[in-house]
Amino acid sequence: MNKTMDYTHNDLLASMREATVDMLQSRTRTYSLPQPFYNDARLFALDMQEVFEKEWLFAGMACEIPAKGNFMTLQVGDNPIVIVRGVEDQIHAFYNVCRHRGSRLCTKDKGKVAKLVCPYHQWTYELDGRLLFAGSDMGADFDLNQFGLKPVSVRTAGGFVFINLSDNPPAIDDFLVTLEHYLEPYQMDNVKVAVESSIVEQANWKLVIENNRECYHCNGSHPELLNSLIEFDDTEDPRATDKYKDLVTRKQTDWNGEQVPWQLKRFGKRNRLTRTPLLDGVVSMTMDGKPACNKLMGRLTSPDMGSLRILHLPNSWNHFMGDHAVVFRVLPLGPQQTMVTTKWLVHKDAVEGVDYDPENMRRVWDATNDQDRQLAEENQRGINSKAYQPGPYSQTYEFGVIDFIDWYSERMLSNLGSDNVALQLAQG
């Protein structure tokens, strides 16, 4: 009976993998994806297995675990993860799972411990994952060395912490070197999280990312954001005006004087970094365009740094300004449910109530996040209809969405082991 059920499950899974490959290889590149990619539980399970368990994920900021014993946790699908700072400032990541009977070790989002102790039966682990204590009831032959915590690959750069749940993580070194360079002026060892929020959107994670990758909707939906943000961030954008190009030229001269990098850098379609001006006369993403924090970040001497925009697929986008930064993390919770976490960063010596007001700092993105939540949820409700079929993206306004779907499709095909992983990008 169990064998029959197992065969049935495996057959269904294999069938879904084959169907996913077929849909991706036959899709029209400049159109949205077929409906199952946005609402099918089996395809969501494949997303978790083939994207979120194989690609590098933004997990959090190193400043959140500033000292030995500080930890933070997150959930990637069914996998609880703990990230902890150990001796000599080394950051470790593990599955947050006791090797005794599988209980979670750390049950809080953040904290500080001397050792990692399972609350169930008090098995105790060193901060580097070694099992130190399992009681006296495991028998004389019990070998502590065989039961250390299961490690998770972890890399840090520019204050960012990335994790990868795969046994063979893809290369990421080139991006990390560039990220470190672009964030050097911010001296990321000297930042802290001033405030953070998490919202749950009743929408598939890809809809959340798609919404972020275009500003086609901004004029009709984001009045607070458009107090500071220019819709495009590249002088090669077909919508870029001469006025914008002149502003970019002036600001790039200023940024050169500050010795801060601004050039557009791409690493395939997964990563993108560029510094672009905010509206002329605006220096920060606040309601009045003025600094949200009086103490500037790092070695910067001017608040007028525009926004350093950093994209990391599949789960993060970011804005770094002169006075503060805003970082975003996306984690899927279900086929039609996604958590978006936003963190506002300031200089670690900035004093709340003196140098910055958290409510003022977060007002623009609190409003924008809620507006984006509503947009994604309405998008999801429409996609669930039997009337939905893939629709065309604007190649002028939605090229960023096309790039994301191209990246997602290529990674899915590659990770699924398709014999034909090259997308037919020229198909109509």
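**Ground rules.** I am working with a predicted model, where local features need pLDDT of at least 70 and side-chain atom pairs count only at pLDDT 80 or more, while totals for chains, interfaces and linings use all residues. Residues are numbered from 1 along each chain as its sequence is written, and side-chain values use heavy atoms, with hydrogens and water left out.

**Domains.** I looked up the domain assignment (bounds from an automatic or database assignment) and found domain 1 at 57–164 and domain 2 at 172–384. Their centres, taken over C-alpha atoms, are 31 Å apart. In the contact (heavy atoms within 4.5 Å) I find 16 residues from domain 1 and 24 residues from domain 2.

**Buried area.** I use the accessible area (1.4 Å probe) that two parts lose on being put together, summed over both. For domain 1 and domain 2 I note about 1600 Å², with 67% of it on carbon and sulfur atoms.

**Charges.** Next I checked salt bridges (a side-chain nitrogen of Lys or Arg within 4 Å of a carboxyl oxygen of Asp or Glu). The rule finds three across the interface of domain 1 and domain 2. I also looked up the salt bridge of Glu-196 with Lys-110, whose closest N and O atoms are 2.8 Å apart.
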